[in-house]
Amino acid sequence: MNKFRERIKNPTTIIGITGYVLAIISAMGIHINNEVVLTIIQSICAICVLLGILNNPENPGRDFSNKKKK
């Protein structure tokens, strides 16, 4: 369950799951404006990343210039 919590904190995972849920809902015949819903979810994820809710503060980032060369 702990791995699930870590994965769900990834904005890409949230946006991907939202896309699949919208596809399933659309396939069931319920009409939703998918673009509007995805834009709202992406905006919420962006705000949560900026606030530090959806990012991993233990990860130092991907600064390739600091990697040691072999």
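Mentor: A helix axis here is a line fitted to C-alpha atoms over the stretch in contact, and the angle between two axes runs from 0 to 180 degrees between N-to-C directions. The model is predicted: local features need pLDDT of at least 70, side-chain atom pairs count only at pLDDT 80 or more, and totals for chains, interfaces and linings use all residues. Residues are numbered from 1 along each chain as its sequence is written, and side-chain values use heavy atoms, with hydrogens and water left out.

Trainee: What makes up the secondary structure of the chain?

Mentor: There are 3 helices and 0 strands, in the order α-α-α from the N terminus. Helices are DSSP runs of H or I with at least four residues, strands are E runs of at least two, and both are numbered from the N terminus.

Trainee: Why are H2 and H3 called roughly antiparallel?

Mentor: Helix H2 (residues 11-27) packs against helix H3 (residues 34-51) at about 160°, the axes being 10 Å apart. Angles under 35 degrees count as roughly parallel, over 145 as roughly antiparallel, 65 to 115 as roughly perpendicular and the rest as oblique. H2 and H3 are therefore roughly antiparallel.

Trainee: Which residues of H2 and H3 make the contact?

Mentor: Contact means heavy atoms within 4.5 Å. H2 supplies Pro11, Ile14, Ile15, Thr18, Gly19, Leu22 and Ser26, while H3 supplies Asn34, Val37, Leu38, Ile41, Gln42, Cys45 and Val49. By class these are 9 nonpolar, 5 polar and no charged residues. Nonpolar covers Ala, Val, Leu, Ile, Met, Phe, Trp, Tyr, Cys and Pro; charged covers Asp, Glu, Lys and Arg; the others, Gly among them, are polar.

Trainee: Why does threonine 18 count as buried?

Mentor: Buried means under 20% relative accessible area, exposed over 50%, and partly exposed in between, with a 1.4 Å probe and protein chains only. Threonine 18 has 15% relative accessibility, so this residue counts as buried. Threonine 18 lies in H2 and, leaving aside neighbours within four places in sequence, is in contact with Val37, Leu38 and Ile41.

Trainee: What makes glutamate 35 exposed?

Mentor: Its relative accessible area is 64%, so glutamate 35 is exposed. This residue lies in H3.

Trainee: How much of the chain counts as buried?

Mentor: Of the 70 residues, 9% do.
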